[in-house]
Amino acid sequence: MSSTLESLWIVIEQAGGIDRYVDKELKAKGYLVERSDTASMSKRALGIYKKALKQESVEKRTLKKQAWAAYKQTHLVHLGEGIFWSDAEDEDKWDVENAHKRLLENQLPAITKSKQLAEALDISIAELRWLCYHREASTSSHYTRFEIPKRDGSSREIWAPRPLLKKVQTWILREILERLLVHGAAHGFLAGRSIATNASQHINSKILVKMDIEDFFPSISWKRVRGVFRKAGYQGHIATLLALLCTEAPRKIVEHRGKTTYVALGERCLPQGAPTSPALSNALCLSLDRRLTGVATKLGWRYSRYADDLAFSQVATKKQAPELTPLFGSIKRILGEEGFVVNQKKTHVVRQGARQEVTGLIVNGKGEPRVPRKLKRQLRAAVHNFKCGKPLRDGVSLMELKGYAAYIMMTDRRLGEEMKSVLVE
């Protein structure tokens, strides 16, 4: 059925549009009535004329209905409440100058039509519309919701994309997002960078300042995401589709009379759990990282960012104690101008005498970042018990122990590999 409608739309385009196609078909089928003056017609002739006009009208409605179905099969038409959409492929004032050239410079897929995007994603136009369509209240969701525990004992809400959307987002990540420019201060979710490379920026610190961006992913709206794709070189209509595919509104699941409804609680934003969210946040934070690096360097500090965790430090020297007020003021101002807010509850100042920890690794002294001794002792004991055939503690799995061994490998490869070699089923 879909291929038939797509073929029909090709015929309609060749005819010059829906109206010309309808007129052509009416004429070919013998339904097109030549208009005449009815004043001089006999009663019988008038009856025949009216009957012919009625038949023409019925056939015209049928043809237009078929043409509209073909149009909807090959065009997005509408993308839901509050989403401005137009199939127009003309440049608008918000597109970057020489957009097509920008795509080539970034080595990105040169997509200018929604049909091209659907083909690149290996889905139909109908599926593209279904994945992008926004509803304030919906009886279904493209995401699966679950919770994972955080270190402070609270829970983090995860919205993981279902298979079709995950496939689409993975393509966007591989073909577009991984090719975008990211600042050197960013260390999260990037090849060759890790919590270890992030922590290594703050070795041997006289003073360490750690901050957290409040509601990091939720504060990155779909309109800001659309701006990332525009800046990459995509025109407005394609940037809109890409942004919708990578975002979702925070939702509350409501059960009423045996029916599940997903109710939007705010604007679409980056979902925690989508494979595209970390890369999009890094690309969007390019300006933030540039500005924070600039002000940190000017004031004599080092700066790095791992997702929503910001770290600033000064090398341990005999110089007088650094001033915090200018740094804090600049950070707060820059974050605000970039659309973010500091989480005051997670702002910590750690001086040289105390344990300095960055993304879970100890950075005191001049050595490399290292895993806390307590964790090493606990893992050594667990590995020893496993080697001796003793059961694991309740709530601890073999997979979890392997994960900790891999974690230790980042800073102590020999010890990590030694532990991992024991943890075999």
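Modeller: A helix here is a DSSP run of H or I with at least four residues, and helices are numbered from the N terminus. Please keep in mind that this is a predicted model.

Colleague: Is Lys64 buried, partly exposed or exposed? And which residues does Lys64 touch, not counting residues up to four places away in sequence?

Modeller: Buried means under 20% relative accessible area and exposed means over 50%, with partly exposed in between. Because Lys64 has 36% relative accessibility, it counts as partly exposed. When residues up to four places away in sequence are not counted, Lys64 touches Asp19 and Val22. The C-alpha atoms of Lys64 and Gly184, by contrast, are separated by 56 Å, and these two residues are 120 residues apart along the chain.

Colleague: Where is the place of Arg135, and how many residues apart in sequence are Arg135 and Gly80?

Modeller: Arg135 sits in the loop between helix H6 (125-132) and strand S1 (137-138), and at 39% relative accessibility it counts as partly exposed. Arg135 and Gly80 are 55 residues apart in sequence, while in space their C-alpha atoms are 6.0 Å apart. If we leave aside neighbours within four places in sequence, Arg135 is in contact with Glu81 and Arg251.

Colleague: What is the relative accessible area of Gln169?

Modeller: Gln169 has a relative accessible area of 0% and is therefore buried. This residue is found in helix H7, residues 163-175, and its contacts, leaving aside neighbours within four places in sequence, include Tyr143, Leu245 and Ala274.

Colleague: Now for whole elements: at what angle do H14 and H16 pack?

Modeller: Two packed helices are described by the angle between their axes and the distance between the axes. Helix H14 (residues 373-387) and helix H16 (residues 413-422) pack at about 30 degrees, and their axes are 9 Å apart. Angles under 35 degrees count as roughly parallel, and H14 and H16 are therefore roughly parallel to each other. Their crossing is left-handed. Among the residues that make the contact are Leu379, Val383 and Phe386 of H14, together with Leu415 and Met419 of H16. By class, this contact of H14 with H16 has six nonpolar, no polar and three charged residues.

Colleague: How should I read a sheet, and what is the order of the strands in the open sheet of three strands?

Modeller: Strands of a sheet pair through backbone hydrogen bonds, either parallel or antiparallel. The open sheet of three strands has the order S1-S6-S5, with antiparallel pairing. S1 and strand S5 (251-256) stand at its edges with a single partner strand each, so one side of each has no neighbour in the sheet. S1 pairs with strand S6 (residues 259-264) over two bridges, and the partner of Ala137 in S6 is Val263.

Colleague: Which are the edge strands of the open sheet of four strands?

Modeller: That sheet has the order S7-S8-S4-S9, again with antiparallel pairing, and its edge strands are S7 (302-306) and S9 (348-351). Strand S4 (residues 205-212) and S9 are joined by four bridges, and Leu208 has Val350 as its bridge partner in S9. Helix H12 (residues 286-299) packs on the sheet and touches S7 and strand S8 (309-315). Helix H13 (residues 325-337) lies across S4, S8 and S9, and runs at about 30 degrees to S4.

Terms used: Residues numbered from 1 in each chain as written. Predicted model: local features only at pLDDT ≥ 70, side-chain atom pairs only at ≥ 80, totals over all residues. Heavy atoms only, no water. Axes fitted to C-alpha atoms, helices over the stretch in contact; angles between N-to-C directions. Parallel < 35°, antiparallel > 145°, perpendicular 65-115°, else oblique. Left-handed = near helix turned anticlockwise from the far one by under 90°. Contact = heavy atoms within 4.5 Å. Nonpolar A, V, L, I, M, F, W, Y, C, P; charged D, E, K, R; others polar. Buried < 20%, exposed > 50% of the residue type's maximum accessible area, 1.4 Å probe, protein only. Pairing = 2+ DSSP bridges.
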